[in-house]
Amino acid sequence: MKAFILLFTIVFAVLLRRLSIMAHPYAKELEVATLAVKRASILTKQLSDSISKEGTITKEDKSPVTVGDFASQAIINHALKINFPTDEIVGEEDSQHLQENDELANKVLSLIEKVQLETSDFQKVLGELKDKQSVFQSIDLGNSQGGSKGRFWALDPIDGTKGFLRGDQFAVCLALIEDGKVVLGVIGCPNLAKKVESNTKHSGIVGGLYSAIKGLGAYYSPLFDEISFQPLSKQERIQMTQHSTPDELKVVEGVEKGHSSHSTQAKIKETLGFNPDTVQEQTINLDSQVKYCALASGQADIYLRLPINDTYREKIWDHAAGNVLVYEAGGRVGDITGQPLDFGKGRLLPSKGVIAGNDKIFDKVIEAVNSVVE
């Protein structure tokens, strides 16, 4: 009888968990965000595989912008607008450059029409863009300034543009923020293998979708194998490792040296006790918020992004989706002082640097950062 009661309790608990996941408050938001990110990921993957530097323009900050940025932002913004018409969007791009270049605009529309045809099953949820004017209007929906009240979405249509251009790692990142707190994140990683052991050793299925909802955990599913929306109950729950000793720790860092101080990060790893003979193998360099995905899925333990100067501030769309993903996978994210990132102060984070790690190592990493920075 006791065994029966125990079995019944376990089964009942599992059923309750599954029901709570399927009927959670952000069920519609997750479905729309997932399908929009999938559609944008299909488009950007095809483009990344074939792109040359033709068809790019240069922004004032000299970072390349591709037709993929514009197409991805138009697709996702349009989907958000028709499903959540009162929600604002903090997006990276505006349509000014596109409106001034008719050839580029025609190419963007052509790419959008192609992917809409390929993902026609998504149409009921995501809608359809049919002309250049609607593309321009959708892109410019991303002009919100954010803030600490109400809800808005933060979108990076292609995070890691340089990785995208060279056919390496990039991500399509979308997050929902309520009253300054990230409550939902979806990241599409078209070129990320399921298992990343080092810079040279990647294995498993390529293309991953990483999702997280505050209070419900972090999840993985193949990005391209299953084209339809899969509820959380059918996705794979992911957790961060809880390594704490230097010989078993792995660190993810950016590829581009212009984005973070690699020399400072090397000193931090030395302070933490990394063996100089193995530290290179324990460091994985990845573009974009793919780093958060590697962290949340147990491929690494620490993420270091130290500012290259005292005035540089991170953009919220570069970290919002990854932030909730790591927290829901059992980790922590903060600035160089260890304070949580504040997504309610506009389009930029008010703090310096970004540090993430599992619960066991996070405080030690912050101590090492402060020691080196001081």
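Student: Which strands does helix α2 lie across?
Tutor: This is a predicted model, to start with. In it, α2 covers residues 27–50 and lies across β4, β5, β6, β7 and β8.

Student: At what angle does α2 run to β6?
Tutor: About 35°.

Student: What sheet holds those strands?
Tutor: An open sheet of seven strands. The order is β3-β4-β5-β6-β7-β8-β9, and the pairing is mixed.

Student: Which strands stand at the edges?
Tutor: β3 (88–91) and β9 (236–238). Each has a single partner strand, so one side of each is left without a neighbour in the sheet. From one strand to the next, the twist averages 25°.

Student: How does β3 run against β4, parallel or antiparallel?
Tutor: Parallel, with four bridges joining β3 to β4 (residues 151–159). Look for E88: F152 in β4 stands opposite. Helix α3, residues 67–83, packs on the sheet here and touches β3, β4 and β5. The direction of α3 makes about 155° with that of β4.

Student: And how many bridges join β6 to β7?
Tutor: Nine, and the two strands run antiparallel. A hairpin of five residues makes the link from β6 to β7.

Student: What about β7 and β8, how many residues are between them?
Tutor: Three, in another hairpin. In that turn, G215 has a positive phi of about 90°. Six bridges join β7 (residues 202–213) to β8 (residues 217–222), again antiparallel. S211 has Y219 in β8 as its bridge partner.

Student: New topic. What is the volume of the second largest pocket?
Tutor: About 290 Å³.

Student: Which lining residues are closest to its centre?
Tutor: K181, V182, N323, Y327 and L341, out of 16 residues that line the second largest pocket.

Student: Where does the largest share of that lining come from?
Tutor: From α11, with four residues. Both α11 (320–328) and β6 (181–196) supply at least two residues of this lining.

Student: How many of the lining residues are nonpolar, polar and charged?
Tutor: Six are nonpolar, four are polar and six are charged.

Student: Let's go to the five strands. What order do they have in their sheet?
Tutor: β11-β10-β12-β14-β13. This sheet is open too, with mixed pairing. Its edge strands are β11 (283–285) and β13 (331–334), and each pairs on one side only. On average, neighbouring strands of this sheet are turned by 20° against each other, direction ignored.

Student: How do β13 and β14 run?
Tutor: Antiparallel, with four bridges joining β13 to β14 (residues 354–358). R332 has G357 in β14 as its bridge partner.

Student: Which strands does helix α9 touch?
Tutor: α9, residues 262–272, packs on this sheet and touches β10 (251–253), β11 and β12 (302–305). Its direction makes about 145° with that of β12.

Student: And α12, which strands does that helix touch?
Tutor: β12, β13 and β14. Helix α12 spans residues 362–373 and packs on the sheet. The direction of α12 makes about 145° with that of β14.

Definitions and conventions: Residues numbered from 1 in each chain as written. Predicted model: local features only at pLDDT ≥ 70, side-chain atom pairs only at ≥ 80, totals over all residues. Heavy atoms only, no water. Pairing = 2+ DSSP bridges. Axes fitted to C-alpha atoms, helices over the stretch in contact; angles between N-to-C directions. Contact = heavy atoms within 4.5 Å. 1 Å grid on protein atoms, 1.4 Å probe; cavity = no way out; pocket = protein on both sides within 12 Å on 5 of 7 lines; lining within 4 Å. Points joined across faces, edges and corners; volume = space filled by probe spheres on them. Nonpolar A, V, L, I, M, F, W, Y, C, P; charged D, E, K, R; others polar.
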